Amino acid sequence: VGTAQNSALRWLVDYDHARLNQNDGHALLERYALAVFYSSSHDYAETHPCSSNDGDDCHDRWLHSQHWMSSYPVCSWYGVSCSELHGQKYVKRLTLKENGIRAPLPNELALLSHCQSIDLGQNQLIGRIPQALTGMNQLYGLFLEDNLLTGKIPKGFWTAGHALQEFYVGTNQISGTVPDLPSNCNIQALGLEENRLTGKIPNSLWTQATNLRTLYLDGNALTGSLPSLLHGRQSMSLQDLRLSRNRMTGKLPPSLFQKMTDLKILYLDNNLFEGELFSTAWRSLDQLEELHLYQNKLKGPIPPEFTSPAMGKLKFLYLDNNGFTGTIPDTTRSSVLLSLQAWSVFGNELKGPLPTHTMVSLQDTLQDFQFQDNSISGTIPTEMGLLTELQRVVGNSNLLRGAIPTELGNLMKLETLHLSGNQLEGEFPNDELCFLPRLEMIVIDCDGTNGTIANCDCC
């Protein structure tokens, strides 16, 4: 009495005009399971009504509930998709993403034994992930991200024979450790980001999870280092690896990244990684599109591979707030076309001139270039005027000298130009820069005294 299960049974017996009975077998079980889920949410909302402190995301009713708890077949209920097998229809997918659901997940969802995908992301689910769900052996996708779930992840999802391929529970309050995956598990995508996980990453994720392509562990409290040797592993299937905002330490081992030849996205920022970036670690990453290494303790020269054809697909490169030394790497020839759209090296210990050949190579792609808080010297290359996609240039607090090139007047998409704290001088190119259609902010030293720009009409 007073439970969601009891409410569902009473509805089936007394109010459901579909009038299914025990001879209807699986259809009756599925109807009961979904009725329990709906009743669980309804009962919780009654005992925990939304208040003014809960914000706009709190809802006392589902945003969409067409045909739920009606005489219609469950395949007609909002968010329920079915498929036919041996003349019977079974629930194949349950998709109620961003639907204002506030409730714990009931064990009865496991009665949807033919269900292949459950997507309840971006709701306000509470409590633990039921152990019973691990018995859904045909489930290949479980999406519970952006809820209020707590507790540990049940172990049964990773057993041999389980169909699960995609498991996303990011942005919850999950505790415990990262699951240890056996060699015969089918998991391809594991999203555990923005939780409360602790401890080290199990070696099995690097050595045994042969099907793993997506791994999100960012925003936890993980410790330890990355493995330097992977015995018996020729290559890895990883395409998207995110370990940002943890407490990981140690060096970035070349032997690990040499095996990630399919990698497209790599987030390692906001950790405690240290040491140099050896070129051997990056030469094989010719598919890489995003590299986030900022806010670590890395040092030494920036590998020239980052601005070479070897990594020609790289679009986003963030190396800021480390201890890199030497110069910003330049390409060996201007005829090489690169793909960088955002390039950030600020807050390091870099010296020498700006890379002119690389600017020519990026003339059709670069939108954001930040190199402030270094010791970059020399003049601003006229080649910067070729970067027609450029929207933001931030190079303050360096040792740049000479005049601001009039060629910057070609940057029709430029929005921000910040060059204060340098040794620039000469007349400001008012006619070329002050009338750029998108320019919103110019910050330079412009009082006309020694070592500053004179006569800036729009600074």
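User: How long is the polar contact that joins the side chains of Asp240 and Arg242?

Analyst: Good place to start! This is a predicted model, where local features need pLDDT of at least 70 and side-chain atom pairs count only at pLDDT 80 or more, while totals for chains, interfaces and linings use all residues. Residues are numbered from 1 along each chain as its sequence is written, and side-chain values use heavy atoms, leaving out hydrogens and water. A polar contact is a pair of N or O atoms within 3.5 Å; within protein, one must be able to donate a hydrogen and the other to accept it, and residues adjacent in sequence count only if both atoms are side-chain atoms. For Asp240 and Arg242, the value is 2.9 Å.

User: Is Asp240 buried or exposed?

Analyst: Buried means under 20% relative accessible area, exposed over 50%, and partly exposed in between (1.4 Å probe, protein chains only). Asp240 has a relative accessible area of 9%, so Asp240 is buried.

User: How many residues does the largest nonpolar core have?

Analyst: Such a core is a set of buried Ala, Val, Leu, Ile, Met, Phe, Trp, Tyr and Cys residues joined through side-chain atoms within 4.5 Å. Among those with the most contacts inside it are Trp206 and Met260. The number of residues in this core is 119.

User: Which element gives this core its largest share?

Analyst: Elements that each supply at least two residues include α1 (4-15), α2 (26-47) and β2 (88-95). The largest share is six residues, and they come from α2.

User: Why is α1 called oblique to α2?

Analyst: Angles run from 0 to 180 degrees between N-to-C directions of axes, which are lines fitted to C-alpha atoms, for helices over the stretch in contact. Under 35 degrees counts as roughly parallel, over 145 as roughly antiparallel, 65 to 115 as roughly perpendicular, and the rest as oblique. The axes of α1 and α2 are 8 Å apart, and α1 is oblique to α2 because their angle is about 125°.

User: How far apart are the C-alpha atoms of Gly275 and Gly135?

Analyst: Gly275 is found in strand β15, residues 272-276, and is buried, with a relative accessible area of 7%. Gly275 and Gly135 are 140 residues apart along the chain, and their C-alpha atoms are separated by 45 Å.

Key
Helices (H or I, at least four residues) and strands (E, at least two) are DSSP runs, numbered from the N terminus.
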